[in-house]
Every structure is written in structure tokens, then in C-alpha cells.
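Here are my notes on this one, point by point. Have the structure open while you read.

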Amino acid sequence: MYLKSKLLKAASICMYVFTALWFLFAACFFALGNYWYIGFALFALISLYDGFVITSVREKMTGVTLEKKEWIKLLVCWILSIVCPPAFVLNGIAFFRDKEDEPQEVTVKPAEEKKCEKPNGKKRFYKAKSFITMCVAFGMIFIASFFAMCFETSGFKVKVTDFTLTGEMTKYYNEGKIDGKAYVLDDDDVSYSVTMYVPDTATEANPAATVFVFPGFTRTKATMAQYAMELSRRGAVVFTMDPTGQGGTTINSYASDEQNRGQNGIEHLVQYVYNNTDDFKFCDKNRFGAMGHSQGGGNVAALAADFAGDSFYDSVIKSVYISGYIKYSSINNYQNFKCNAGLAYGYYDEGAYRYQTDAESFEVAAQRFINENGDESDFIPYSEIEIDKGYGDMANGTYRVVHREDINHCFEMYDPVSIKNTINFFNETLDISDMGGGSQLWFGKEFFNGIALAAAFTFIIAACAVLMGTPVFKSLKEKPVEKISDDEIREITEEEAEEELLGRTVNATADAGMETVAKGTHKSLAEGIVSEHKTVAHKVIFWSCIILTAIIACLDYIPLANLSIEIFPTSNVASVYTYTFPARMINAILLWALINGAIGLVIFFGTTLIENLYEYIRFKVKGIEPAYDWDKFKAIKISGNGWKGTLLNVGKAIFLPLVMFGAFYFLVQLNYWMFHQDFRFTLISASPLNARMFVTALEYWPIIFVFYISNSIRVNCSIGREGWKEWKVILVSALANSVGLIFILIINYFCYFTTGSPYYTYWGNGNEVWLYINMVFALVVMMFILPIFNRLLYRITGNVWSGAIVCCMIFIMMTISASVSYIPM
Amino acid sequence: MKKYVIAALLVLAMCMTALAGCMRFLEKDVQVTLDSDGENWGCYTVNSFNNAIVPRPDVPEKFAGMTFIGWTAQENWEELEPNQIKVSANKEFIRYDDVKDYVKSGSITLYAAYVKVDLVIAWYDRHTSGTDSGLNEENMGAFKDNMYTYLASEGYTPENMYIDIRSYSGTVGASCEKIINDADVDIMVGWGNNLNSTGGIACVEKQGGIAIGSVSRYAASLNEKELTKLVFTWIKDTYTVNDVNA
């Protein structure tokens, strides 16, 4: 029987693995528009449920010979396990095995001893784990940021400073018009946030080449810091700037006039630096370059054309590098360049599906880029273009090179090869340095910024634990003082057990090898008995809910993103500035969070209701004592001594997250003041607050909170009550919350790599939705982390609200700060 | 159990790394040979991430007076009615999408197709929050039926004519550039007033207030051919909703 049990266990594990594989197949076929996906999804469900029943049969085995009912179950399961061939074989062997094994020595594994602190802990607060963790995390933040600063300043050889470009500043220096145009900001309320990198070697006596680095749509200048770092450490002065509506740039309207817009501000900045002979003597005005990614690439292309003058000698921009942008309007600018130029477009750039004609495609753009080089001599156009090959002559501004790195759109600025090509281009065209572009150190800054981010999150959680130990917040977790009945004593016992890491208890009986799992959700916890109907039926409901919510989250993301384009004032028409939900890209997340959060709540309360109703019906029909599970709702309730105590605790439950949010962003700001560093890792970042982003967040928090509280309830009142070890609770919660988004990426990119076109291209009324998929990369990580935070904070605070509130505030603030907001501030 | 999960995650990570390195192997190269009346016009490689810019063939003497309408995989295209010939979306650009359904053993030959084109009408297939032409396959289908009825009443036999009603998408600039490249469009419908300034189109006549679909847009005639003038006049008479001239 021992081997039989092992075989069935192995079979059930195989079935669970195949469940995941069949869902993967279903996603792939869905991506190709093939209706076979329905069949694969069914296979996945059969595999999953079959595994549950096999597990149930195995758990109830008392010998090699099964009872008739169990034997029939196993037979049916074996047949159904054809959807998982390895399980089919294993189940078959197990089914026909009728020999008893040799007697095995029974080893009784004692239950894990609870590690507990001494009652009425005399431990000093500074010896508490949470306090130590908080201090260590605090220290880590600053140590990591210091090292990040070392990388950013190239060992303190580069001075990094911020300044704000205002209308007044541009007007003051507009006398030196460029090609007869002023490029001034008319509105004094408008300002652009700029960061300047000045190497020690750049002086008035030895002015340096100057490069303007411009980010794309929704990105901030910090996302281009790697270019700034690499160029500045080679001796170039670098300016990076937040474009209109993004980061710290303020603007209250979107001027329709091209000149007033100044290509999202870059023309105002270049004009200002070029004409300002007072403050920028260390900039060599004969060696100005510009580089931009995506929309930023289009902006610098227009900049180079607008500032071209009549010749290479006259052109303000001597070198321009356009990354990730081949729109027709930009292609038409190539002929107007009077400078050396580079073009890069990711081989796997998702946006390429829009450019598949003989007027507008990468191939056409590349050919025109090389051929329309302003060479007025007897230039013979090339019919075929070689990638990575330089054409033309740098000395007369006709040099052209096209690159096509193996990277997609949103990660191009983090691709070492892309960065290398950019650095080499400017090295050669602006005569910056002999240090090759392959020598890169920017990832050191990224790494330490990431450490700081992780440490900041750790700090917040530890700080919460420390605060919960203070007299002010302690009452939040204390049970109300009232007469305790026997039932409540049993409840307390279950709660204590629930807070511990529940181990498995092995029944030291003749049934060697069998284990029973103590379920914390069942009244008979102490006895460790699991009733059948709770095991299989409960598992079916539990996992079906997880699968259902994941499928809904996967399939409704893009339709809701499209809906956000249709219903909000700020849509694909970027010129609408409004106070009504002005964060164009976040509106998609707003709807997605609201709808899926609501669905999560309905499913949680609905299934609980149905389960308890089932218990009631069983009691009425069969007289079986009902095992109601209303305890699930306990964590949702905030209790206190009387209504005043309850009200006070509600206030504390809200005040605590506000304190934590304030502490987090105070740390961000302090860190920025000290080291000029924020907390980030590639697409995920926490940057210093500014008024326009904060006001924007105020609108989004209340609505998106529905998702966060829904997740907190699911993690702590459902998954957390399955009686699993804590690591499994956290892992399942994290996966359950992110798997839907992961499947969006699987569907999109499987279709992309198979057909050349992403799955999500146009939607609804021809709206482009591919950029919303780029957002999913960061969203997946945050949705994976969120349940972990919700769980940890619940265990610290004893309620589901505080964790949800602080996570909502911090995560949404991070997301909005890293995106675009058309709020007129 | 914990070890198994960690092992599984490690295997998953390794598989994803390996898969990332194998992306190129998912691309299926297709060798495209271009044939114009038996003459080889080049061999190009396309795949899901690479297209090919191809030359426009000179019209062979055999097909003098006809127009090159694109590249087709149908070797017997000369035996087909003009409306039955399936050609590539672009004349000077071959995409993987154009050939993927016809590829055998990784290669395909495309043949230049020439027909006597009577009339080409371009319609703007653009539906965004900022620009909506109001035109779609359905209302252009109704337009075609009405036009055929009108031509029949004028003594023409449209069933025997090659009248190409084709869509152009993308921005005004890109779509008009394509029309210029195609060099065979007679009438344009659905664009805005900027088809000259932004699109670079040189037209004989342009009129606004034309609502073939749900939106009032512009129509333009690009030459003075008799059939062009006839159909353009009919469009103005039939679909003008308000008197908006160029």
C-alpha cells in the first residue's frame, strides 16, 4: 500500500503540472485565434479536478484494497488522467497494484514546536526583531543610495544637479534666435524639470560636447539616466528633461502651436542652453547632440530639423540619435537634417505592426534615412541598406547609421547593446572619448537603486511592526475585553494556531506513510480530521475561483483599457488637459482594478455564502452538524471596546497607513536630497512627490482601493485560512494575483513571435492598445508583491484594511509618478 | 515540497532564458522570387520581423496599356478575371503576411499582375478618437453597388470592368504617400481638407461635405479621365450633405 500511495501522490503532482501546461497551451492557441483553446482549457480543468480526487482517494486509503466507492473513483480518475500521460501510467500501475508492501518502520514526526517569545515579553524594544529589521533596512537604503550616487557621478567626477526651466528663463535668452525663431515659453506657469550632468573635465577653457537626452511617452528623465551616466563619464555634458505632462514638468495646457510646444519642451531647453553664454560656458556650442527614445526620438528628429540652419556648420544640433520611432512625420524630417544621424529600432519593437506599407515601415525608414542625408553632391542612393554599417561623411554632417538591436520597445533603454550603439555614435560624431560603448557601469546604479527600493519596502513593513508595538496602535490588534464563552476559547485556540506556522502531524498508526493535514479552517482543528466534502468540494471551489478571477483579469484588461480611451476626457487625444482623471494610461488600470476588485469581493462573499448555505442544507436534509465558517469575516471587522473603542480603532487603522505612506515618501525625498537618488529598478520606481502627481493620485486612490482591499481579503480571509504553511500562502497568493497578467504577456508575445504582429494591436474603434501591454511588465511585478505585503501587514496589524490602504497609496503613487498626467497644474 | 517548488522555479527560469535565446529560431524565413512575365525581378527573404522593399516592374510589352496592380501568388493569374486576382497589399513592399498562407517548403514565387484598370477609388480607413472617416467595408460595399447601378444606367457594363475600390489606412501623410506611390488612384474619398497640405496630393478637384459613410468628409479627383469625371460628378450629386468646397 505504501508504494500505491506514493504512485498516486506522484500521479496527482503530474496532473497539477499538466494543468499549468494545458492552460499554457490554451493561451497559445487563443493567441492564434484557434478555437482549440477551449479544448485545452477543458483538459486543464479535468487534470486539476482529477488530481484533487486522486489526492482524496489516497488520503482515505487504509490498505491496498480499496472500498468499492473508492475503487470506482480511482477507476474513473485513471481513465480521465489520459489528459496527463505520465499520470495515466502511474494511476494504472497503482490501480492494479494489489500487493502489500513490506512492513515499514513508523516514524512519528512531532509537530513543529512553536517558537514563541516569552509571555509578557520583557524584551527591550530595540532588541525586537522588527526594530532591528527597520534599522537595518533604513541603513541599507542610504548605503545603497550612496553607492548608486557613486555610479551616477562616476566616482564623484561628474556633478549632477537639477534645475527648472521656466518661461522667464527662455525669454531672457531668446535674443539669440535660432533660424529666426525664439522657442520661448509664453506661459510663466509652465516649467520643465531638468537634470544636468557636468563632468570635472568640462570647463570654460575646455568646453565639452553636450548631449540632450529625452525620454519617451509616460517616461521620466530618470529612466534615461543610463545614457546620461555613460556619456558624462566619457566627458560629455548631458541634459535630461521631463517632457510635457510627465514627471516634474508643470504645464496647464497643451498649446496647439508647434513652436509654443517646442517638441514637448526639448527645443526650449536646447535654445536656452545654446543662447545662455553666462551659465553654460562649459558646453561646446559646436558639439551639440540630441538623443531620444520613442516619442522622444520623434521630438529630437524634429529638433534637429528645426535647428538645422542652412548647412552642417550652421546646424545647432551636430548629431542626432533617434531610437524607437519611425513614424511617417519623422521620416519626412530626415531630408531636413544638416547633421550626422543615427537611427535605432528594436528588432522586436511591438509598435512595428503599424508600419507595414511601402510608405511607412522600418525598411523604408532605414532606406530613406541613409539616402536622404542632405548630400548635395553626386550622391547615388543605396537600394539595399546594411544594418550597423556607417554611411556618409562625419566631417560634412552626412554620416548615417542604422541599428536594429534584438530588443523590444519598452526595454530598449536598458539594453546594453542599444546603449553601446548610442554611446559609440556620439563618441565618433561628437569626438567625446575613446572609451568604447561596451564599457558600461550604469547597471551598478540600477542595482543599488533596486536594493534601496527593496530596503524601503522592508523598512515600511518593519516600521509598521514597530508602530504596532507602541501604546497608540497596540489596541488595534488587542481583542476586546468581554465575557468569553467556551466557543470563543476554542476560537482563540484556532486563532493562535493560525498565527503559528502549522506543521503537519503524522498519524503514528499502522497506516505508515499517510499524512493528514490539519486544516485551520475547520472546527476540528485540534483533532486534525479533514472531512471529505470540505477536501474535494472545497478545493474545487477554491481553485476554480482562483482560475476564474485570473481568466477574467487576463481577458478584460485590454477591453477595459480601450473603454478608458472612450469614456475619459483624456484619451489618445493628448491635448485635453483636465482635472477629471487626467492620467491617461492609468485610467486603464483604474477600470481594471475597479472591475476585478469588485469581482473578487463578489466571489469571496458569494462562495462563503454558498458554502455555508450548503452546510445548512446538509443539516436540514441529513441532520449532519453544520460546520459554518463565518470566521472568515473576522479579520474584516475592526473591533474595539464598545463603539467608541471601535471607532478609535477604525481611525487608527486608517491613520497607521497614512503614517507609513508619509514615512516612505519622506525617505524618498530625504534620499533624493542627500544622494540625488530615488528608489527604482527599471520600470518600477518611487520618485519624489510633486504637487501635480499627488493631486492626480488623490482621484485614483479611492477607486483603485477596491482592488487592494479585495486582494487583502482574499489573501487573508481565504487563502490564508487553508491551513498551509506561511510560505505556501504567500506564494499561492502572489501567483494567483499575477498569473492573469502573466498570461496577457504570454498571449501577446506568443502571437507576436509566431506571426510578427502582437495579439493586442488595435481595439474597438481602431484605438492603439499595444502600449498598455508595455505597462503590464511593471504591473506584473507589483501584483506579485502586493499579496505578500497584504499578508505581512495583516499579520502585523491584525486587520485587512491597514495593509490594503498603505499598499494602495504607495503603489498607485509610484505608478502615477512614473506615467503621464494631463492635469492643468 | 518547498524544494520541489524551488526546483520548478529554477527550471522555469532556465527554460525562459533558453527560450529568449531561441527567439530567432521561431522566425521562419521565406524566400520570395519575383517573376514578371517570366523575367526574374529578384529574390528576397522575408519573415515575421523582416519585410522586403522590392522594385516595381516595368510593364512588359505584352501587357502594354495595362497597369501593374501588385504581386500575386496565383501562377495562373492571366486566366482569372481581374477581380479574382489576389495581390499583395503593397506594390513595392512584400510582407511576411502577404506570403505566409501560400508558402511551400520555405519559398514562393510571386508574379507581377497586370490588368486594364478602368477606375481606382481610394477610401480612407481611419477610425480613431481624433480622426474618423466614417467609412467601412459595409458602407463602401453599398457605395459600390450604387455606383455600378449608375454606371449601368450610363451605358457601361461594370461587371466586365476592373474597378478597384481599395482602402488606405494610417495617418494622412502615410496614406497619401502610398497613394502617390501606387500612382493609379483616380478618386479619393474620406480624407479631410488637408489631403493636399499634409498629404501632398495634387488633385484636379476637391469637395467637402461628402458623406458616403456617417461622417461628412472630402472627396477628390486626381485626373481628368472621362470615367473619373463621370463618377466624381455622380459622387458629388449623390453624397453631398452640405455645401463645403475646397
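1. Let's start with A:I54, which sits in helix α2 of chain A, residues 36-59 (helices are DSSP runs of H or I with at least four residues, strands are runs of E with at least two, both numbered from the N terminus). A:I54 is buried, with 28 other C-beta atoms within 10 Å. The cut-offs for that term: 20 or more other C-beta atoms within 10 Å of a residue's own is buried, 12 or fewer is exposed, and in between is partly exposed, with C-beta atoms placed from the backbone. Leaving out residues up to four places away in sequence, A:I54 touches A:L8, A:A11, A:S12, A:M15, A:C77 and A:N91; contact here means C-beta atoms, placed from the backbone, within 7 Å. A:K9 is 45 residues from A:I54 in sequence, but their C-alpha atoms are 7.9 Å apart.

2. A word on provenance. This is a predicted model, with local features requiring pLDDT of at least 70 and side-chain atom pairs pLDDT 80 or more, while totals for chains, interfaces and linings use all residues. Residues are numbered from 1 along each chain as its sequence is written, and chains are lettered from A and ligands numbered from 1 in the order in which they are written.

3. On confidence (pLDDT is the predictor's own confidence in each residue, from 0 to 100), chain A has a mean of 87, and 88% of its residues reach 70 or more. Residues 488-494 of chain A fall below 50, and that stretch has three contacts in the model beyond near neighbours in sequence. Residues 498-533 of chain A also stay under 50, yet the model has 60 contacts for them beyond four places in sequence. I'd read those two stretches with the pLDDT in view.

4. Chain A overall: 23 helices and 13 strands, with 49% of its 825 residues counted as buried. Among its contacts between residues at least 6 apart in sequence, 74% join residues at least 24 apart.

5. Now the core (a nonpolar core is a set of buried Ala, Val, Leu, Ile, Met, Phe, Trp, Tyr and Cys residues joined through C-beta atoms within 7 Å). The largest has 226 residues, and A:L269, A:A304, A:V320 and A:A456 have the most contacts inside it. Apart from it lies another core, of 30 residues, including B:A122 and B:L222.

6. How do the chains meet? In all, 27 residues of chain A are in contact with 25 residues of chain B. On the chain A side, α11 (328-331), α12 (362-371) and α21 (726-755) each give two or more residues, and α21(A) gives the most, with five.

7. Look at α12(A) in particular. Seven of its ten residues are buried, so α12(A) is largely enclosed by the rest of the structure. Among the buried ones are A:F362, A:V364 and A:F369, along with A:E363. The buried residues of α12(A) pack against α11, β7 (340-344), β8 (390-391) and β9 (400-403) of chain A, together with β3 (52-53) of chain B.

8. Finally, chain B. It has six helices and twelve strands, and 33% of its 246 residues count as buried. The domain assignment (automatic or from a database) gives domain 1 (26-115) and domain 2 (119-245). The C-alpha centres of these domains of chain B lie 27 Å apart, and six residues of domain 1 are in contact with four of domain 2.

Notes: Two residues are in contact if their C-beta atoms, placed from the backbone, lie within 7 Å.
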